[in-house]
Amino acid sequence: MRPLRNPVIQSTLAWCLARWMRFCYATIRWEHRNQELAEAVWKQGGGVLVVFWHSRTSLAPYSWPLDRAQPVKGVISRSVDGEFVAKAVAQLGIPAVRGSSSNKDKADRDKGGTQALRDGLRQLKVGGLAITPDGPRGPVRSMAEGLPLMAKLSKAPVLFLGLSCNPAIRLNSWDRSLLPLPFGKGAVIWDRADFPEGADLAEVAADWTERTTAVEAEADALTGLERI
């Protein structure tokens, strides 16, 4: 039996992971760029989509200051691994919306995406929604049309988030996810967009893919983390 399928082991490991991330967040030397874009959205309140690639999930909670930003929930898959991640980030103040974003390669399998869309739109009426558009299984740095559709329907602004830290452990996962190490260098880069009136969903997805990758690459350049 996989250890994460045991609820007791899963909860214990999630507790340990959350404490480890807090320790790393506190000891990493962070550099921020374009944070005024996020600050304006936080001051405005209301709905906002927060977008970053799946490999940087462990760094994302640091970027969202719960004392002045609107409440945020994260879209996390219904898998066993997703349940583990949901428990860990919940201890950092970020509850989950369970499901996965639509992906053309997985159209024949219902992963709760429709329900996640409904729950996500409901969340966007009151606060933030964090999405990894290439999750939960890839392709890496690939965005389907679900995110632009959500932005179009909700009319919420979109914040693209680039995150990096160095040194870090790269997990042996499909996207080589990062696990931070303490006392290193970190970077948080922001960009902002709104859904263009009358735009094609596929074209918006392509543009937003480039912008999400661009802020991540800029963050990696600041920390010196090798791009893979």
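Student: Where is Pro139 found?

Tutor: Pro139 is found in the loop between strand 5 and helix 6. Helices (H or I, at least four residues) and strands (E, at least two) are DSSP runs, numbered from the N terminus. This is a predicted model, in which local features need pLDDT of at least 70 and side-chain atom pairs count only at pLDDT 80 or more, while totals for chains, interfaces and linings use all residues. Residues are numbered from 1 along each chain as its sequence is written, and side-chain values use heavy atoms, with hydrogens and water left out.

Student: Which value is given for the phi of Arg141?

Tutor: Arg141 has a positive phi of about 55 degrees, although it is not a glycine. Arg141 is placed in the loop between strand 5 and helix 6. Two further positive phi values may be set beside it. Asn34, in the loop between strand 1 (29-33) and helix 2 (35-44), has a phi near 60 degrees. Lys155, which follows helix 6, has a positive phi near 60 degrees.

Student: Why is Arg141 called partly exposed?

Tutor: The term buried means under 20% relative accessible area, exposed means over 50%, and partly exposed lies in between (1.4 Å probe, protein chains only). Arg141 has a relative accessible area of 23%, and is therefore partly exposed. Asn34, at 34%, is partly exposed as well.

Student: Why does Thr223 count as buried?

Tutor: Its relative accessibility is 7%, so Thr223 counts as buried. Thr223 is placed in helix 7 (residues 201-223).

Student: What does the side chain of Thr223 make with the side chain of Ser164?

Tutor: The two side chains make a polar contact at 2.7 Å. A polar contact is a pair of N or O atoms within 3.5 Å; within protein, one must be able to donate a hydrogen and the other to accept it, and residues adjacent in sequence count only if both atoms are side-chain atoms. Leaving aside neighbours within four places in sequence, Thr223 is in contact with several residues, including Ser164, Cys165 and Lys185.

Student: How far apart are Ala14 and Ala88 in sequence and in space?

Tutor: They are 74 residues apart in sequence and 4.5 Å apart in space, C-alpha to C-alpha. Ala14 is placed in helix 1 (residues 7-27) and, at 0% relative accessibility, counts as buried.

Student: What do Arg227 and Glu216 form?

Tutor: A salt bridge is a side-chain nitrogen of Lys or Arg within 4 Å of a carboxyl oxygen of Asp or Glu. The closest N and O atoms of Arg227 and Glu216 are 2.7 Å apart, and the pair forms a salt bridge. The pair links distant parts of the chain, with Arg227 in the segment after helix 7 and Glu216 in helix 7, eleven residues apart. Glu216 is buried, at 1% relative accessible area, whereas Arg227 is partly exposed, at 31%. Salt bridges that share partners join Arg56, Arg141, Glu216, Asp220 and Arg227 into one network.

Student: How many salt bridges are there by this rule?

Tutor: The count comes to 13 salt bridges. One of them is formed by Arg68 and Glu39, whose closest N and O atoms are 2.8 Å apart.

Definitions and conventions
Contact means heavy atoms within 4.5 Å.
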